[in-house]
Amino acid sequence: TIDQLDPVAHQSMLVRLDSVQFVVSEACGSTWADPVGQQSVNHTLVDCDGNQILVRTSGYANYAGHYLPDGKGTFLGVLGVFGSDLQLYARTEGEVTLFGPRCNGEVCPFFSKNFNDGQVTSEGWTQWSDNSILWTTNTIGSNDDTPYGQVKNWNGSENIPGESWLISPVIELAGSNSPVLSFITGCNYTGAQLEVLVSTNYTGGEPSTATWAPLTADLSPGGWEWTPSGPLSLSSFQTNNTRIAFKYTGTDSDGKTWEVDDIKITVQ
């Protein structure tokens, strides 16, 4: 079991853990590593009692771009030690058989975006700005040591006035049962609140060509405090052309830095 692993007795040994799974925020849509930048990535393996261990995978692995298995099962790998951290390394993807039902009936979201691949516009997401205010990713102050989406209008010397939108791909919600959106935000400095919007007639390009309805979410009060949005019902927007968007606004005299992560839609 995870809590039996010993950094001295088991270092460099091949070990097998049963009844484990990747945490749901990573299992549902994350890849093993970063094959584009060829960067190693850490993911968190957990058992049903909440014990955790890191799994580290090289960006050069031939399965680096494959999605993590999203179920519970057996992980066979080599135990390493880095500082005070225990890290597991899979020898091959085939020795990780996490395909059974997850702990406590937990399921992956219907739709998710967690920025763990370090990309803002992967998986069909797009961004639009009227003055080159761009969404990027960052890891400083991350709530779980993985990348998050970030937007700010400070360019290092001045505030840039304008707006910047981060827009989801089409989400087919027609026929879904009680869809609910959730995410977390962090922010700091002074400026306008981040807007959370939903559209059923956006087809791309300038957002003003579509109709957008606001959603009332709990947002970070500042000080980089990560804050859950609370459940936001999408039951009034159940079409096959539903999109969600995060709209940022800044002026030439102010502008908050906003951070967004763990975007997901769940259905019953």
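**Chatting about serines, cores and a sheet**

Biologist: Which side chain does the side chain of Ser 30 join in a polar contact?

Modeller: That of Asn 116, at 3.2 Å. A polar contact is a pair of N or O atoms within 3.5 Å; within protein, one must be able to donate a hydrogen and the other to accept it, and residues adjacent in sequence count only if both atoms are side-chain atoms.

Biologist: Before we go on, what kind of model is this?

Modeller: It is a predicted model, where local features need pLDDT of at least 70 and side-chain atom pairs count only at pLDDT 80 or more, while totals for chains, interfaces and linings use all residues. Residues are numbered from 1 along each chain as its sequence is written, and side-chain values use heavy atoms, with hydrogens and water left out.

Biologist: Thanks! Where does Ser 30 lie?

Modeller: In the loop between helix H1 (24–27) and strand S2 (41–47). Helices (H or I, at least four residues) and strands (E, at least two) are DSSP runs, numbered from the N terminus.

Biologist: And is Ser 30 buried or exposed?

Modeller: Ser 30 counts as buried because its relative accessibility is 2%. Buried means under 20% relative accessible area, exposed over 50%, and partly exposed in between (1.4 Å probe, protein chains only). A polar atom of the Ser 30 side chain also lies 2.9 Å from the backbone oxygen of Glu 26.

Biologist: What about Ser 176, where is that one found?

Modeller: Ser 176 sits in the loop between strand S11 (162–167) and S12. Ser 176 is buried too, with a relative accessible area of 15%. Its side chain reaches the backbone oxygen of Leu 173 at 2.6 Å.

Biologist: New topic! How many residues are in the largest nonpolar core?

Modeller: There are 30, and those with the most contacts inside it are Leu 181, Phe 183, Phe 246 and Ile 263. A nonpolar core is a set of buried Ala, Val, Leu, Ile, Met, Phe, Trp, Tyr and Cys residues joined through side-chain atoms within 4.5 Å.

Biologist: Which strands each supply at least two residues of this core?

Modeller: S12 (180–188), S13 (195–199), S17 (243–250) and S18 (257–266). The largest share, four residues, comes from S18. There is also a second, separate core of 19 residues, including Ala 27 and Phe 75.

Biologist: What is Phe 246 in contact with?

Modeller: Leaving aside neighbours within four places in sequence, its contacts include Trp 125, Trp 135, Phe 183 and Ile 263. Contact means heavy atoms within 4.5 Å.

Biologist: In what order do the five strands of the open sheet come?

Modeller: S8-S11-S17-S13-S14, with antiparallel pairing. S8 and S14 stand at the edges, each with a single partner strand, so one side of each has no neighbour in the sheet. On average, neighbouring strands here are turned by 30 degrees against each other, direction ignored. The axes are lines fitted to C-alpha atoms, for helices over the stretch in contact, and angles run from 0 to 180 degrees between N-to-C directions.

Biologist: Why is S13 largely enclosed by the rest of the structure?

Modeller: Because four of its five residues are buried.

Biologist: And how exposed is Thr 126?

Modeller: Thr 126 lies in S8 (residues 126–129) and is partly exposed, with a relative accessible area of 35%.

Notes:
Pairing = 2+ DSSP bridges.
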